[in-house]
Amino acid sequence: MKCTKCSKDFPPSFKFWETRWMERGLKGKACWCKECTQAKDRARYKTPNRWAQTSIANKIKSGLHVVDIDPKYIEEIWPKDNMCPLLNRELVFGTRKHHEMSPTIDRKSPELGYTKGNVVIVSHLANRIMSNATIEDVQLVGKNMHKVR
């Protein structure tokens, strides 16, 4: 098959195309290769503002928490070096699914919801590590990690 954007050949059995993208291409619609799709996603979500619009909308739609933040506020608190403040690794945009370094909005105090002053931007991996742990739990795991590796 050929990518309808860059005309590059790609094997139809390639894992990336065993999804709805392959089906769309076979129906005569646009069928892009993995590189073209990723480039489009990176361009679409390359600013914190654009990423925040989607993330905030998902939190509002869930209806589980108070949401009192907007994309402009996310740009204000965004790490200036584009690095996760907890893991010191670069945040990654436009992967269509959660990459371990995808940015996430995390609550400092869960009971207060997504309100100004109560949220930080961290990577998906850091957010998962902290999800149900206290500071002491995370420190203890870090201290004892060498025992199980």
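**Entry: the core.** I began with the largest nonpolar core, which has 17 residues. By nonpolar core I mean a set of buried Ala, Val, Leu, Ile, Met, Phe, Trp, Tyr and Cys residues joined through side-chain atoms within 4.5 Å. Buried is under 20% relative accessible area, exposed is over 50%, and partly exposed lies in between (1.4 Å probe, protein chains only). Trp51, Ile69, Ile74, Trp78, Ile105 and Ile121 have the most contacts inside this core. At least two of its residues come from each of α3 (48–62), α4 (71–77) and β4 (119–123). My helices (H or I, at least four residues) and strands (E, at least two) are DSSP runs, numbered from the N terminus.

**Entry: ground rules.** This is a predicted model, so I note that local features need pLDDT of at least 70 and side-chain atom pairs pLDDT 80 or more, while totals for chains, interfaces and linings use all residues. Residues are numbered from 1 along each chain as its sequence is written, and side-chain values use heavy atoms, with hydrogens and water left out.

**Entry: isoleucine 69.** Beyond its neighbours within four places in sequence, isoleucine 69 meets Ile56, Ile74, Ile105, Tyr114, Thr115, Lys116 and Val119.

**Entry: arginine 107.** Next I went to strand β2 (residues 103–107), where arginine 107 sits. The arginine 107 side chain does reach the backbone oxygen of proline 110 at 3.2 Å. With residues up to four places away left out, arginine 107 touches His65, Gly113, Tyr114 and Asn118.

**Entry: salt bridges.** How many salt bridges does a search of the whole structure find? I got one: glutamate 100 with arginine 89, their closest N and O atoms 2.6 Å apart. Both residues are in the loop between α4 and β2, eleven residues apart. Glutamate 100 is partly exposed at 36% relative accessible area, and arginine 89 is partly exposed at 35%.

**Entry: asparagine 88.** Asparagine 88 is also in the loop between α4 and β2. I logged asparagine 88 as exposed because its relative accessibility is 58%.

Conventions. Polar contact = N/O pair within 3.5 Å; in protein donor to acceptor, adjacent residues only side chain to side chain. Contact = heavy atoms within 4.5 Å. Salt bridge = Lys/Arg side-chain N within 4 Å of Asp/Glu carboxyl O.
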